[in-house]
Amino acid sequence: KEYSTMDNTVRFRAAVSLLLLLCILLLSSCEKTRGDDISDIMYDYGCAAVEIADDYLSGRITIEDAYTKIKSNCNRQENHYNYECKEHGGTLIDTEISADWDVYIHTSFLYYAMNDKKNGTGVDSEIKEERDEIAKVIWK
């Protein structure tokens, strides 16, 4: 029996879809390990920041909603980070929560990237880049 180009296209798409599904299942089964040197609160803030970025990048929320959420998250992080610095003598360098700075700074950069996007001067790749930087800190 002869197969038409249409049959081959359908088969190819089915194969690609199956491959993507297997990749997604494999990646989702990988256990994320919490990063070292991060406080519980900043870990939670970092997870929330990644989720906000993911929600925007996947189209579940608008850039305006994402910006509002990340601005609130960033403000709470700043307050907590400043409190932590006071508790540790002004700096978190060489403390058990030294990675909190990385979560805070990359969330700030994510906030700026979303602000730029909201104002028409930014691009999604900047948002994705900062999202990935936060993920590197909170999950090893």
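Okay, some ground rules. What we have is a predicted model, where local features need pLDDT of at least 70 and side-chain atom pairs count only at pLDDT 80 or more, while totals for chains, interfaces and linings use all residues. Residues are numbered from 1 along each chain as its sequence is written, and side-chain values use heavy atoms, with hydrogens and water left out.

So, the overall picture. The protein has five helices and zero strands; those are DSSP runs numbered from the N terminus, helices being H or I with at least four residues and strands E with at least two. Of its 140 residues, 36% count as buried (buried is under 20% relative accessible area, exposed over 50%, partly exposed in between, with a 1.4 Å probe and protein chains only).

Now look at H2, residues 40-57, and H4, residues 100-118. They pack at an angle of about 25 degrees, with axes 10 Å apart. Those axes are lines fitted to C-alpha atoms over the stretch in contact, and angles run from 0 to 180 degrees between N-to-C directions. That makes H2 roughly parallel to H4 (under 35 degrees; over 145 is roughly antiparallel, 65 to 115 roughly perpendicular, the rest oblique). Who touches whom? Contact means heavy atoms within 4.5 Å. On the H2 side we find, among others, Met 42, Gly 46 and Tyr 56, and H4 brings residues including Asp 100, Tyr 104 and Lys 117.

How many aromatic pairs does a search of the whole structure find? Five. Rings of Phe, Tyr and Trp (its six-membered ring) pair if their centres lie within 6.5 Å; planes under 30 degrees apart are stacked, over 60 edge-to-face, the rest tilted.

Tyr 81 and Trp 101 make a tilted pair, 5.7 Å centre to centre with 50 degrees between the planes. Tyr 81 sits in H3, residues 63-87, and Trp 101 in H4, 20 residues apart. Tyr 81 is buried at 12% relative accessible area, whereas Trp 101 is partly exposed at 38%.

Tyr 81 also pairs with Tyr 104: the ring centres are 5.0 Å apart and the planes at 10 degrees, so this pair is stacked. Since Tyr 81 is in H3 and Tyr 104 in H4, the pair ties together parts 23 residues apart in sequence. Tyr 104 is buried too, at 12%.

One last thing to find on screen: Tyr 67, Tyr 111 and Tyr 112 form one aromatic cluster.
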